[in-house]
Amino acid sequence: MSAPSLAQHAEHTQDNPPANAPVDAIAHWQRLPADSLAGVNTDRVLWSERVPGGGHWSWRVKRGTALRFVALGPDANVSLVLYAAHSTLERYNMPDSLKAQHTAHYRRGHVLMSDMGRSMASFTADSLGWHDPLGALLDAPTMQQRFGEHRFEAHRNGMHRSGKDGLLIEIGKHGLGRRDLIAPVNLFSKVTVDEEGRFHFSRSHSQAGDYVELRMDMDVVVAISTAPHPLNPSEGYGPAQVGVVAWHSGPALTDDFCRTFRAENARAHHNSDVFAL
């Protein structure tokens with residue numbers, strides 16, 4: 001087999017930044033819909049990504065960093081889990097977060113609390129007003145039953161990967177395993193409950209350009225999967241891409257909207273502030 005030509009080499013490396021370039025030399029955020037970046041201080045962007053549908057990623061993120069997630073297609077879903085960076089034994093606690101805030105869904109003003117009563121992240125911006133904390137994860141058996149099996153060996157980048165498997169891969173990079181996988185927050189997805197206690201998925205809840213922003217109130221490990229929501233009744237496997245922008249927003253001020261949203265939120269923010277001293 002002959003060596004690739006210079007032209008072929010340039011074609012495959014055009015998005016690779018040179019060694020002396022800034023971290024976000026590709027500037028993925030500049031390719032996102034302009035309306036979805038409202039309120040982002042673009043002078044303080046730290047990095048950005050475009051995560052393919054059905055993909056997964058993870059980051060270690062410092063307190064005072066905001067992550068803006070942008071749907072790049074309809075019915076996007078981002079299954080997100082949080083672990084404290086100082087000790088991953090502390091992690092997002094869904095029951096405590098919902099109970100303390102008297103809610104069954106998340107929107108701007110809500111916070112994600114740890115099992116130690118600290119605010120791990122706050123919903124500081126949101127174009128939808130509803131994000132699902134109850135619908136759990138798409139697992140491999142359910143995915144294969146509904147969409148068929150598409151393995152990497154045969155389908156390459158067209159493979160199917162479940163949300164559960166994607167998150168297990170990501171948290172495994174941080175020394176965590178199956179027993180550490182917690183209930184996620186499903187950003188961009190809406191699930192309602194009827195009088196019989198049955199869950200109902202709201203189709204077309206999110207469209208391309210919708211966004212949600214989480215400010216990190218502690219140093220955290222964030223892992224995401226962009227696989228479909230397990231209750232999405234779509235007959236085909238076609239999850240939307242999602243853009244991610246990280247920027248330095250600074251920690252919550254004393255009059256921060258999320259801090260003052262409820263008394264329980266103020267206590268959770270206080271606990272995070274004291275821990276950060």
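Here are a few notes on this predicted model.

1. Ground rules: the model is predicted, so to speak of local features takes pLDDT of at least 70 and side-chain atom pairs count only at pLDDT 80 or more, while totals for chains, interfaces and linings use all residues. Residues are numbered from 1 along each chain as its sequence is written, and side-chain values use heavy atoms, with hydrogens and water left out.

2. Overall, the protein has seven helices and 12 strands (DSSP runs numbered from the N terminus: H or I of at least four residues for helices, E of at least two for strands). Buried residues make up 50% of its 277 residues; buried means under 20% relative accessible area, exposed over 50%, and partly exposed in between, with a 1.4 Å probe and protein chains only.

3. Strand β6 (residues 119-126) is the one to look at: eight of its eight residues are buried. β6 pairs antiparallel with β5 (residues 111-113) over three bridges and antiparallel with β10 (residues 211-216) over five bridges. Pairing here takes at least two DSSP bridges between the strands.

4. Last, Val 193 sits in strand β8 (residues 191-193) and is partly exposed, at 47% relative accessible area.
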